[in-house]
Amino acid sequence: MSICEAVPLSIFLSDTEFEGITFRNETAIALDLQGRKFIDCVFERCQLSSLKIQGAVIQAKFIESKIEGINFFTAKRELLSLSFSGCLIRHSSFAELKLHKISFAGCTLQNVDFSDADLSSSDFSNSTFENCVFRNTNLMKADFRFATGYYVDPMLNKVKGARFSSPDVLSLLAGFDIIIE
């Protein structure tokens, strides 16, 4: 596996395919990555913002990275494979994607759209949510243990077999307009 550290990601854009590369401490803002391939790549401590990824093949792990303003639903869906650990993800969308067993463990998610996505058996453990949208989302067998700030309406989402922990599990009752004492 090749490692690219502290070199602008734009230098590597003369290539269209990257396989088995670890990008460390990279900053990529408003780059056009349409149609590129990132296969078995790792983005560690990177800042990725407003990237155009339409038709891109992305099979990557993101570790302790900042991801902002990326519409992952525009990537090549049938080949999309993602994993996030300890990342800050803001103003991004995973709407309508089928991402079984995706991991967002220990992430901070702000203004992220998960509408109409299939996230069954996914890991959201130890994550913090702020203004995230779950609407018609399949969260069956998902792990929300020790996650905070999420609002998941069980009437609008599939939550059978999902795992939650107290006290945040009480947020599942918010849509019922009841008083909990």
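Predicted model: local features only at pLDDT ≥ 70, side-chain atom pairs only at ≥ 80, totals over all residues.

Biologist: How many aromatic pairs does the structure hold?

Modeller: There are 28 aromatic pairs in the structure. One of them joins Phe18 and Phe38, whose ring centres are 5.0 Å apart with the planes at 15°, and because planes under 30 degrees apart count as stacked, this pair is stacked.

Biologist: Where do Phe18 and Phe38 lie?

Modeller: Phe18 belongs to strand S2 (residues 17-19) and Phe38 to strand S5 (residues 37-44), so the pair ties together parts that are 20 residues apart in sequence.

Biologist: Are Phe18 and Phe38 buried or exposed?

Modeller: Phe18 and Phe38 are both buried. Another stacked pair is formed by Phe62 and Phe84, with 4.9 Å from centre to centre and 15° between the planes.

Biologist: Switching to the core, which residues touch the most other members of the largest nonpolar core?

Modeller: That core has 47 residues, and Phe84, Phe94 and Phe114 are the ones that touch the most other members. Strands S3 (21-24), S5, S7 and S9 are the elements that give two or more residues to this core.

Biologist: And what is Phe84 in contact with, beyond four places in sequence?

Modeller: With those sequence neighbours left aside, the contacts of Phe84 include Phe62, Ile67, Phe72, Phe94 and Cys107.

How values were computed:
Residues numbered from 1 in each chain as written. Heavy atoms only, no water. Phe/Tyr/Trp six-rings, centres within 6.5 Å; stacked < 30°, edge-to-face > 60°. Helix = DSSP H or I, 4+ residues; strand = E, 2+ residues; numbered from the N terminus. Buried < 20%, exposed > 50% of the residue type's maximum accessible area, 1.4 Å probe, protein only. Core = buried A, V, L, I, M, F, W, Y, C linked by side-chain atoms within 4.5 Å. Contact = heavy atoms within 4.5 Å.
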